[in-house]
Amino acid sequence: MNSPDFFSGSEADIPTCSAKGCRDAAVWVLAWNNPKLHAPERRKTWLACEEHREHLSQFLGVRGFLKDVVKFDEWEQPEGSERP
Ligand SMILES: [Zn+2]
């Protein structure tokens, strides 16, 4: 029952919140773009748990970077964007 392989790799497959020190599962995808660094159609993504969605979107929002906040389940990776 206690297979030593049980946890190997499985944790990396669960997308977690991008907030510093947070290990919660991601519920939201924050799509953003820094116009100084990225082509306009390019999307960087941060992941957020329910608790940090507001904090992270504010961080991006005040800088004018935030483009979209989408439920993780509904997120489709646009072409040319990167995983965090
Ligand atoms: Zn979090």
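Two residues are taken to be in contact if their C-beta atoms, placed from the backbone, lie within 7 Å. By this criterion, among contacts in the chain between residues at least 6 apart in sequence, 62% join residues at least 24 apart. The structure is a predicted model, in which local features need pLDDT of at least 70 and side-chain atom pairs count only at pLDDT 80 or more, whereas totals for chains, interfaces and linings use all residues. Residues are numbered from 1 along each chain as its sequence is written.

The chain contains two helices and three strands, where helices (H or I, at least four residues) and strands (E, at least two) are DSSP runs numbered from the N terminus. Read from the N terminus, these elements follow the order α-β-β-α-β.

The three strands form an open sheet with the order β2-β1-β3 and antiparallel pairing; two strands are considered paired if DSSP finds at least two bridges between them.

Strand β1 (residues 28-32) pairs with β2 in the antiparallel sense over five bridges. In this pairing, V29 has L47 of β2 as its bridge partner, and W32 stands opposite K44. Five bridges also join β1 to β3, again antiparallel, with A31 placed opposite D68 of β3.

Buried residues account for 20% of the 84 residues in the chain. Five of the five residues of β1 are buried, so this strand is largely enclosed by the rest of the structure. Both of its faces are covered, with W28, L30 and W32 buried on one side and V29 and A31 on the other. In β2, four of the five residues are buried, so β2 is likewise largely enclosed by the rest of the structure.

In soluble globular proteins, nonpolar side chains tend to be buried together. The largest nonpolar core here has 12 residues, among them C17, A26, W46, L56 and F65; such a core is a set of buried Ala, Val, Leu, Ile, Met, Phe, Trp, Tyr and Cys residues joined through C-beta atoms within 7 Å. The elements that give two or more residues to this core are β1 and β2. Strand β1 gives the most, with five residues.

Residue A25 lies in the loop between α1 (10-13) and β1. A25 is partly exposed, with 13 other C-beta atoms within 10 Å. Neighbours within four places in sequence left aside, A25 is in contact with I14, P15, T16 and C49. The C-alpha atoms of A25 and A48 are separated by 7.8 Å, although these residues are 23 apart along the chain.
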